Amino acid sequence: MTVRTRFAPSPTGYLHVGGARTALFSWLYAKKTNGQFILRIEDTDRERSTDESVQAIFDGMEWLGLTHDEGPFFQTERFPRYEEVIQQLLDQGDAYHCYCSAEEVETVREEQRANKQKPRYNGKCRHRTDAAEGVNPVVRFKNPEQGEVVFDDLVRGEITISNGELDDLIIARSNGTPTYNLTVVVDDLDMNMTHIIRGDDHINNTPRQINIMKALGADAPHFAHVPMILGDDGARLSKRHGAVSVMQYRDEGYLPEALLNYLVRLGWSHGDQELFSRDEMIELFDIKDVNKTASAFNTEKLQWINQQYIMKAEPSSLVSPLIEQLKTLGCDVENGPDVVEIVKTQQERAKTLKEMAEKSLLFYNDYDEFDEKAAKKNLKAAALEPLEMMLGKFEQLSDWSKDPLHQVILDTAEALDVKLGKVAQPLRVSLTGTSVSPSLDATLFLLGKDTCVRNINRGIEFIKTKIANQES
């Protein structure tokens, strides 16, 4: 048997992290078993489905690298097939037309709630043989009234549901369009799905779908219902917890490998190992090892994982996404320093590429004024001599690379017989306007000779002006 899994999102919004984790688990299980992973778009909700949402799903899957072996299949292109199956169920006596209005059904349910009964359709039209004139009926599946549905969930173990708990669900609306529980069954059977991995919010649908499959003479696939993802506060993950769209994480400067690594650890583990390559995920993952309980999303943990990936990445691999971040901040990357050199300088200092870009603005935009606190502490009269000495050395320097630049700083401190900090910090504030920057040799190198000479002169003039004002 060839394992076949699927990811079947509804295009009613972005691809969220919960859906991405389900897709990842399905993709990993297919890859581990040399199976096939299918992408299906469940777009029968025509009022809420949009082309933009479809594209958002494609973009998210592509960015994460979760490539599908078949598809994408669209349910809206399969309506004739659904109509065929609905008619088959009607002809078999496993479905019937229901003429009850929505108001009638709700009235019955209100009475059931008042009597502390489970609200459900009461089967009024189950044995009806005549048609009601002027009414477009829905079609209901005739669920077995006796017995029970038993299935061995790969995550939760054996689950048993009494058929008495299930009512006759609608499989076709009054306008003829099929409903979710019908379309998903037909698709999973037609596409030979062997393993259905999905969120545990579908557990209540599973016995209904199994009964429809039995009515169609088919065996049910294996089911695995993974627990939901919670926010830090224990509530279901939502927009108020921050970024929940996969592409929003890209925009925030996360790497797809890091997000996948974090998502696979949400509910699954392999000993104490935290970081997994894609190949390691495929080799080690087993759906049976997924936890039964919900997992809490922890942004700090994601940031830590992302930082590990940034630090270990080949610098050239981060150039393209960093350029996008820099452009978003308005940087003219064409006329700035070599971006790969920026990556090398900032890799150890940033948790996200967005943070890396923000910390690199000083290499593209000159500062407007000195940070008041930094200037007060470092641009004093005593800093004038080392700044002037370094300026002269830098102006004469023909090799503008890190080692000679670093040597100028060391030579100046030695020549003046002062601690390195007395030379380095005034230089840093002069170059950047603040007391925080990457290493000075990297900062000098990335800013370039012209900018450095100009900014050191700014620091010197600032000190001279301060001295003059104090003397007057």
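**Note on the predicted model: core, sheet and pocket**

1. Contact here means heavy atoms within 4.5 Å. Please keep in mind that this is a predicted model, where local features need pLDDT of at least 70, side-chain atom pairs count only at pLDDT 80 or more, and totals for chains, interfaces and linings use all residues. Residues are numbered from 1 along each chain as its sequence is written, and side-chain values use heavy atoms, with hydrogens and water left out.

2. Ile287 is also among the residues with the most contacts inside the largest nonpolar core, together with Phe285, Phe394, Leu427 and Leu444. That core has 100 residues. A nonpolar core is a set of buried Ala, Val, Leu, Ile, Met, Phe, Trp, Tyr and Cys residues joined through side-chain atoms within 4.5 Å; buried means under 20% relative accessible area, exposed over 50%, partly exposed in between (1.4 Å probe, protein chains only). Helix H1 (residues 17–32) supplies the largest share of this core, 9 residues. Helices (H or I, at least four residues) and strands (E, at least two) are DSSP runs, numbered from the N terminus.

3. A second, separate core has 29 residues, including Phe79, Leu90, Phe141 and Ala215.

4. Ser26 sits in helix H1 and is buried, with a relative accessible area of 0%. Apart from neighbours within four places in sequence, Ser26 is in contact with Thr5, Arg6, Phe37 and Ile197.

5. Now the sheet: 3 strands form an open one in the order E1-E2-E3, with parallel pairing. Strands E1 (4–7) and E3 (70–74) stand at the edges with a single partner strand each, so one side of each is left without a neighbour in the sheet. Two strands pair if DSSP finds at least two bridges between them; E1 and strand E2 (residues 36–41) do so over 4 bridges. In E2, Leu39 is the bridge partner of Phe7.

6. Finally, which residues lie nearest the centre of the largest pocket? They are Ser10, His16, Gly19, Asp201 and His202, out of 43 lining residues. A pocket is an open set of points on a 1 Å grid over the protein atoms alone, where a 1.4 Å probe fits, with protein on both sides within 12 Å along at least five of seven lines; lining residues have an atom within 4 Å of a point. H1 gives the most to this lining, with 5 residues.
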